[in-house]
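Hi,

Here is the structure I promised to pass on.

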Amino acid sequence: MKSMEDKKGQGLKIEAVSDSFEQQCFDRKWVLKLNDQEYLNNFTCLICRQIVNSPVEINCPQHDNLEEALVVGESCLTQFLNTNNNSCPIQPHENCRYYKIKSMQKQISNLSVMCPRQFQEDIKTVDYRNEKEGQTVGMTICNFKGKLREVNEHLKNDCPLKFLNCWFKPFGCDHICPKYELEDHLTADMKMHFELVTKSFNSLQQTIQFYQVCIFLVFFFFFFKKKKK
């Protein structure tokens, strides 16, 4: 039988780099950049050990004697129950009971955080410096610092580190780059983009001419057939 401490190391490690993380728990190291360690301990998911998102408290009668609050992220708990035959993550038993902690979710939503993409870039920079000691690499691209509840909107619409397709993708350019590099790409590859547009235009003209010929032949066929009668 696994104890609660054995269960604490289980679960998925969450990375805050996608456009949206509305369900998964939040990367502890990322949130720690602008928040106090001791304060964040109150918001730790017992399953994945990250900062809880959509916190719920497990309140099964089987472990009423435990003094600490049994807080987990709702997504982590759902995944755990689905992969463990609905057995409670605290002690092995069925019919795990829990309820949402709305007041805690509000506190978490008000935590100050930096851009998660910039955080990941900073980690890469530190790792690279460890390999190439003495070289200056990396720079701050995104200066976003705000409430955690504002991050989704930032990632979807404003973040300069968001990857975008080239404006000329409909014409055949498959280049993908961060938003802040797109203008340089458009300027540097202007000749290639012009050639792609010209090629597309010529192809469109050929298609139009083909359909014009088809329409003419159909019209001629019906006209000839009608005249023959």
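How far is the sulfur of Cys142 from the closest cysteine sulfur, and in which residue is that sulfur? The partner is Cys115, and the distance is 3.7 Å, too far for a bond. The cut-off for a disulfide here is a pair of cysteine sulfur atoms within 2.5 Å. A search of the whole structure turns up zero disulfides.

Before going on, a word on what you are looking at. This is a predicted model, with local features needing pLDDT of at least 70 and side-chain atom pairs counting only at pLDDT 80 or more, while totals for chains, interfaces and linings use all residues. Residues are numbered from 1 along each chain as its sequence is written, and side-chain values use heavy atoms, with hydrogens and water left out.

Back to those cysteines: Cys142 counts as buried at 6% relative accessibility, and Cys48 does too, at 8%. (Buried means under 20% relative accessible area, exposed over 50% and partly exposed in between, with a 1.4 Å probe and protein chains only.)

Next, helix H5, which runs over residues 102–109. (Helices are DSSP runs of H or I with at least four residues, strands are runs of E with at least two, and both are numbered from the N terminus.) Its buried residues are Met104, Ile108 and Ser109. Looking down the axis of H5, they fall within an arc of 140°, so they line one face of the helix; the arc is that of the directions from the helix axis to the C-beta atoms. On the face turned away from that buried side sit the exposed residues Lys102, Ser103 and Lys106. Strands S1 (55–58), S2 (71–73) and S5 (145–147) are among what covers the buried residues.

Ser109 has a relative accessible area of 18%, and beyond its neighbours within four places in sequence, Ser109 is in contact (heavy atoms within 4.5 Å) with Lys147, Leu148 and Arg149. Gln105, also in H5, touches Asn53, Ser54 and Pro55, again not counting residues up to four places away in sequence. Gln105 and Val52 are 53 residues apart in sequence, with 8.3 Å between their C-alpha atoms.

Finally, the record: an unreviewed UniProt entry places "domain: TRAF-type" at residues 149–185. UniProt positions are in the numbering used here, feature names are shortened, and annotations may be inferred rather than shown by experiment. In the model, that span is 32% helix and 16% strand, with its end C-alpha atoms 33 Å apart.

Cheers
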